[in-house]
Amino acid sequence: MTTPRIAIVTGAARGIGASIALRLAEDGHDIAVLDLDESTCAATVAAVTQLGRRAVAIGADVADEAAIRAAVAKVVGALGGPTILVNNAGIIRDRSLAKMTIDDWDSVITVNLRGAFLMSRELQPHMRAAGWGRIVNLSSTAALGNVGEANYSAAKAGVQGFTKSLALELGRYGITANAVAPGFVVTEMTRAVAERTGMSFDEMKQQQIDATAVGRTGQPEEIAHAVSFFADERSGFVTGQILYVAGGPRG
Ligand code: NAP
């Protein structure tokens with residue numbers, strides 16, 4: 001049994017983030033459901049509330065410093081000081097290196113990497129005040145390299161280095177930092193990848209299934225399970241780790 005805490009999950013309106021929010025609510029935590037548009041958070045908020053936990057919808061761009069400051073203040077006012085942070089918000093802008101624009105590069109680095117930095121920096125005073133904290137960052141198997149994803153691969157590899165540095169800096173305050181690196185999980189994001197490559201989603205899923213040891217794609221709940229482990233009270237001796245949840249050996 002883990003002590004009830006207040007958690008912020010970014011990009012929690014849908015997909016993996018929504019599953020993480022629900023899983024942390026099942027674990028007994030209250031949840032700030034943060035996404036770009038506050039109105040899109042309603043379904044996740046309702047599902048958390050149905051589980052008997054408190055929830056608040058927060059609209060903010062994780063890459064916008066002023067917005068994040070205001071968002072965290074709103075969470076503190078509504079729920080209290082958050083001590084669990086899941087940096088899940090992420091975007092892709094896949095293109096071959098030859099065709100990749102500066103905007104493709106900057107937007108992916110900004111949301112995936114600067115977003116995690118800003119959120120972590122904003123929340124660490126609350127974790128330090130509590131003498132306890134859990135930061136869980138979403139990396140990806142793309143950190144190991146992926147054709148057409150130089151921007152995303154760089155961001156997700158950056159997330160891994162960022163995680164290890166936080167673990168070293170914050171450990172003495174009772175704060176752990178770990179990362180979950182999913183393989184192919186069925187969400188809107190992977191559906192969009194298929195659309196961009198001109199492949200049907202079923203074709204793309206089959207390609208992934210063929211390349212995966214366990215012979216299937218991943219589900220958002222399986223990523224949430226790994227996040228739950230890192231966020232748990234009993235995982236305090238685990239920090240700076242990257243856990244590939246990818247249906248096969250990676251890393
Ligand atoms: P998703 O379905 O695209 O959901 C991402 C959510 O993040 C969306 O609700 C999106 O809002 C939100 N978001 C985007 N930019 C944001 C910003 N600047 N500030 C706040 N929220 C923002 O993605 P997913 O597949 O669930 O992926 C979740 C995380 O897992 C990402 O970090 C992704 O890179 C990582 N991951 C996914 C897979 C996979 O196979 N799905 C594999 C490896 C890693 P909008 O809808 O308004 O854009």
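Me: How many cavities of 30 Å³ or more does the count come to?
Reply: In this predicted model, the count comes to one cavity of 30 Å³ or more, and about 30 Å³ of space lies in the largest cavity.

Me: OK, and which residues line the largest cavity?
Reply: The lining is made up of T10, V62, N87, N88, A89, V111, G115, A116 and M119, and helix α4, residues 102-130, gives the most to it, with four residues. Divided by kind, the lining has five nonpolar residues, four polar ones and no charged ones.

Me: Switching to the ligand, how many residues surround it, and which are the closest?
Reply: The ligand is surrounded by 27 residues, the closest being R14, D35, N88, Y152 and T187. That shell divides into 13 nonpolar, nine polar and five charged residues.

Me: Which atoms lie 2.5 Å apart at T187?
Reply: They are a polar side-chain atom of T187 and an oxygen atom of the ligand. For R14, an N or O atom in the side chain is 2.8 Å from a ligand oxygen, while for I16 a backbone N or O atom lies 2.8 Å from an oxygen atom of the ligand.

Me: And how much of the ligand's area does the protein cover?
Reply: Of the 910 Å² of accessible area that the ligand has on its own, the protein covers 90%. The elements giving two or more residues to the shell are α1 (15-26), α5 (150-170) and α6 (188-197), and the largest share, three residues, comes from α6.

Me: Why does the ligand lie between the two domains?
Reply: Domain 1 (6-183 + 220-244) and domain 2 (184-217) both give residues to the shell around the ligand, so the ligand lies between them.

Key: Residues are numbered from 1 along each chain as its sequence is written. This is a predicted model: local features need pLDDT of at least 70, side-chain atom pairs count only at pLDDT 80 or more; totals for chains, interfaces and linings use all residues. Side-chain values use heavy atoms; hydrogens and water are left out. A residue is near a molecule or strand if one of its heavy atoms lies within 4 Å of it. A polar contact is a pair of N or O atoms within 3.5 Å; within protein, one must be able to donate a hydrogen and the other to accept it, and residues adjacent in sequence count only if both atoms are side-chain atoms. Accessible areas come from the Shrake-Rupley method with a 1.4 Å probe; for residues, only the protein chains shown count as cover. Ala, Val, Leu, Ile, Met, Phe, Trp, Tyr, Cys and Pro count as nonpolar, Asp, Glu, Lys and Arg as charged, and the others, Gly among them, as polar. Domain bounds come from an automatic or database domain assignment. On a 1 Å grid over the protein atoms alone, a cavity is a set of points where a 1.4 Å probe fits but cannot get out, and a pocket is an open set with protein on both sides within 12 Å along at least five of seven lines; lining residues have an atom within 4 Å of a point. Grid points are joined across faces, edges and corners, and a volume is the space filled by probe spheres set on the points.
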